[in-house]
Structure formats: structure tokens, C-alpha cells
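Let's take a walk through a protein chain together, from its overall make-up down to a few individual side chains. Have the structure open and turn it as you read.

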Amino acid sequence: MSVDYYERLEQSRNTSPSEALLGSLARALRLSVDERDYLYRLAGHPAPTASTISGYVDPAMMFLLDALTTVPAHVIDDRTTILAQNALSRALLGSWTDGDDRHSNVTWRWFTHPESRALNVPEEHEAIGRGYAADLRAAAARGGHDPVSEQLIADLTTVSPEFAQYWSDMQVAPLQTTRKILVHPQAGRLDVQCDFVLSTTTGQRLVIFRPQPGTATADSFDFLRVLGEQSFDRS
């Protein structure tokens, strides 16, 4: 959004901002949920639900994300779309927030882009895939089977026999903290605890890759931080 466009918006010289633009503006201004909803109504749009929100990140989550400088972390929505990443998350995973919702969706990429699994050791793939399917079923139920979730499920079922198999098992379970082994091409083996911090107001989750005590993972994260993200963009 250009400075000129924002000035016209402030001066009410543009009366039809899109919902995506409003979401991005609310995120940039770190508006609370109530302030964000008020902004939407002022612009003539209904307040967004968890299933329709676009571009907005819970300001409390952004505060925590900004504070996490020694571990990879990112914020995901109810359908596992990555909304924001810190520098170490981009160094570890690549920049996942620069494309459309499918490009940024962890579950979609897990089942449709094999390279997205490259960091995870093969013996953990099935458990991770089943976890994503069960989490998506839980999210769809919470959202009242909203059209976006339903389309994502339909597309995954069509393009991924693996997802279709896990989906047919009818497991319902939000993602839970779990230990994972990652193997990074430059940083080597990373032994992490993958933690989830839930926002009760937006349903968004802060995902933190916490180094296991007694391992060299914390030192490896320091190495990644020094190298920066430029060599690790997998988009």
C-alpha cells in the first residue's frame, strides 16, 4: 500500500478498501481485535470471523514473535497458514509468507510439495502428516465447515492420496507440543520441542521451535542467525 493511498484512505477519499487491505492495515497498526473490527465496520465491511480473516495477526502474538530472537518461531492461523515469521524461522524454513494462502499453508505444502518435508526425518513423516489432517478436521469443525476450509480439504483429498487416507481415519486433534528431529543442510541436526501458544481471541497460534536441553541445537540456531536467511529460501 502506497503512502498516497493511505493518505487518501485517512481523508476518506477512497471509500472501498478491500478486506485484505484492512487486515494488513490492522496488522501494521497493531490493532486489537475490537479495534480491528471497528475499522472493518467503518469501511463498510462486516467484522471478520476466524475463517475469513486475511492479513491480520493478533498483536499479542506479534509482540511475542518480535521478542523471540534466539529461536525460530512463526504465527499460523486456524488452518496452518503462516501469517508472520521471525528471522530464524525464515532462515530455517524459507520465506513462506510472500505468496498466496496456499503457498503459505503448512498442511497444503506438506502433502503437495515433497521438498517441504526435507527438514523432517523420514521416520516422523507419517505422524506429522496424520497430525496435520487431524488438526484440519478440528479447525473445520470449529469454523462450522466454512467454505475456505472445505475447499482446502476437497483439494487435498483430490491431489494427495496420502491425505485422503489420513482424512478417512476421522481423527480430530489440534496440533500439540511434540519433539521433532530436523536435519538442516547447513546447521545439521536440530533436536527441538515444537510448542504451540494459542490466542483465545483469534484462534491463531504461535509456533516455537525450542531447543532440547543438553543438545547442540541452541548453538546451531546461533549459527543460523549469523548466516541469515538469504541462503535458505525454499519458496
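The paragraphs below go from the whole chain to the sheet, then to some loops, salt bridges and a surface patch.

Please keep in mind that this is a predicted model. The chain holds ten helices and five strands. It has 235 residues, and 48% of them count as buried. If you look at contacts with a separation of 6 or more, 57% come from residues 24 or more positions apart.

Strands of a sheet pair through backbone hydrogen bonds, in either a parallel or an antiparallel way. Here five strands make an open sheet, ordered S2-S1-S5-S4-S3, and the pairing is antiparallel. Strand S2 (82-85) and S3 each have a single partner strand, so they stand at the edges with one side left without a neighbour in the sheet. From one strand to the next, the twist averages 30°.

Strand S3, residues 178-184, pairs with strand S4, residues 188-198, over seven antiparallel bridges. The two form a hairpin, with three residues between them. To find your place in this pairing, look for Lys180, whose bridge partner in S4 is Val192. Elsewhere in the sheet, strand S1 (residues 73-76) meets strand S5 (residues 205-211) in the antiparallel sense, over four bridges. In that pairing, Val75 stands opposite Leu206 of S5.

Now for the loops. Thr80 sits in the loop between S1 and S2. Although Thr80 is not a glycine, it has a positive phi of about 70°. Its relative accessibility is 1%, so it counts as buried, the cut-off being under 20%. Met170 also has a positive phi, near 65°, and is likewise a residue other than glycine. Met170 belongs to the loop between helix H9 (161-168) and S3. Is Met170 buried or exposed? With a relative accessible area of 54%, Met170 is exposed, because the cut-off for that is over 50%.

Another loop, between helix H6 (106-112) and helix H7 (125-142), contains Asn120. Asn120 is buried, with a relative accessible area of 11%. Which residues does Asn120 contact, leaving aside its neighbours within four places in sequence? They are Trp110, His125, Ile128, Lys180, Ile181 and Leu182. Asn120 and Val183 are 63 residues apart in sequence, yet their C-alpha atoms are 6.4 Å apart in space. His125 lies in helix H7 and, at 18% relative accessibility, counts as buried. Not counting residues up to four places away in sequence, His125 touches Trp110, Arg117 and Asn120.

Arg117 leads us to the salt bridges. Side chains of opposite charge can pair when their charged atoms come close. The count in this model comes to ten salt bridges. In one of them, Arg117 meets Glu162, at 2.5 Å from N to O. This pair links distant parts of the chain: Glu162 is in helix H9 and Arg117 is in the loop between H6 and H7, 45 residues apart. Arg117 counts as buried at 14% relative accessibility, while Glu162 is partly exposed at 22%.

Asp78 and Arg142 make another salt bridge, with an N to O distance of 2.6 Å. Here too distant parts of the chain are linked, with Arg142 in helix H7 and Asp78 in the loop between S1 and S2, 64 residues apart. Asp78 is buried, with a relative accessible area of 15%, whereas Arg142 is partly exposed at 48%.

Arg130 and Asp169 form a salt bridge as well, their closest N and O atoms being 2.4 Å apart. Arg130 is in helix H7 and Asp169 in the loop between H9 and S3, 39 residues apart. Glu126 joins Arg130 and Asp169 in a network of salt bridges.

Finally, turn to the surface. Phe63, Leu64 and Val197 form a nonpolar patch there, with about 270 Å² of accessible area together. Of these, Leu64 lies in helix H4, residues 59-67, and is partly exposed, with a relative accessible area of 36%.

Terms used:
Residues are numbered from 1 along each chain as its sequence is written. This is a predicted model: local features need pLDDT of at least 70, side-chain atom pairs count only at pLDDT 80 or more; totals for chains, interfaces and linings use all residues. Side-chain values use heavy atoms; hydrogens and water are left out. Two strands pair if DSSP finds at least two bridges between them. Axes are lines fitted to C-alpha atoms, for helices over the stretch in contact, and angles run from 0 to 180 degrees between N-to-C directions. Buried means under 20% relative accessible area, exposed over 50%, partly exposed in between (1.4 Å probe, protein chains only). Contact means heavy atoms within 4.5 Å. Patches are made of residues with over 30% relative accessible area and no salt bridge: like charges are joined within 9 Å, nonpolar side chains (Val, Leu, Ile, Met, Phe, Trp, Tyr) within 5 Å. Accessible areas come from the Shrake-Rupley method with a 1.4 Å probe; for residues, only the protein chains shown count as cover. A salt bridge is a side-chain nitrogen of Lys or Arg within 4 Å of a carboxyl oxygen of Asp or Glu.
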